[in-house]
Amino acid sequence: KHSPSAFQDAMRIAGVTDPGLCLFMDDSVKNIRTAHAEGWRAVLVGLVGRDDGQPIVCEEADAAIASIHDLPSVLYTGEASP
């Protein structure tokens, strides 16, 4: 997943030409960095390392969430806030 060609292939297969319309979610900082470098929106899923319990920091992530269940809290729906 951390190969730029994987992201380019995914866009080609999906018929998407604007990487800004793509969203990538992962718990790997390396993969998040690649997605970001390819112009994708990137969400880090998991705030602490599985092996060491230390906080995960990834400046390239557009958002960081503890669980995939938290994804709606970081997505823009296009609707005005109440």
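A salt bridge here is a side-chain nitrogen of Lys or Arg within 4 Å of a carboxyl oxygen of Asp or Glu. The model is predicted, so local features need pLDDT of at least 70 and side-chain atom pairs count only at pLDDT 80 or more, while totals for chains, interfaces and linings use all residues. Residues are numbered from 1 along each chain as its sequence is written, and side-chain values use heavy atoms, with hydrogens and water left out.

**Exercise 1.** State how many salt bridges a search of the whole structure finds, then describe the one between arginine 12 and aspartate 9.

Solution.
- Step 1: the search of the whole structure gives three salt bridges.
- Step 2: the side chains of arginine 12 and aspartate 9 meet at 3.6 Å, N to O.
- Step 3: both residues belong to helix 1 (residues 4–14), and because they are three residues apart there, about one helical turn separates them. Helices (H or I, at least four residues) and strands (E, at least two) are DSSP runs, numbered from the N terminus.
- Step 4: arginine 12 counts as exposed at 58% relative accessibility, whereas aspartate 9 is partly exposed at 35%. Buried means under 20% relative accessible area, exposed over 50%, and partly exposed in between (1.4 Å probe, protein chains only).

**Exercise 2.** Locate the partners of the salt bridge between aspartate 27 and arginine 50.

Solution.
- Step 1: the closest N and O atoms of aspartate 27 and arginine 50 are 2.9 Å apart.
- Step 2: aspartate 27 sits in the loop between strand 1 (23–26) and helix 2, and arginine 50 in the loop between strand 2 (41–45) and strand 3 (63–65). The pair links distant parts of the chain, 23 residues apart.
- Step 3: with 33% relative accessible area, aspartate 27 is partly exposed; arginine 50, at 74%, counts as exposed.

**Exercise 3.** Explain which parts of the chain the salt bridge between glutamate 60 and arginine 33 ties together.

Solution.
- Step 1: the closest N and O atoms of glutamate 60 and arginine 33 are 3.3 Å apart.
- Step 2: glutamate 60 is in the loop between strand 2 and strand 3 and arginine 33 is in helix 2, so the pair ties together parts 27 residues apart in sequence.
- Step 3: glutamate 60 is partly exposed at 25%, and arginine 33 counts as partly exposed at 43%.

**Exercise 4.** Decide whether asparagine 31 is buried or exposed.

Solution.
- Step 1: asparagine 31 lies in helix 2 (residues 29–37).
- Step 2: asparagine 31 counts as buried because its relative accessibility is 7%.
- Step 3: alanine 42 is eleven residues from asparagine 31 in sequence, and their C-alpha atoms are 9.1 Å apart.
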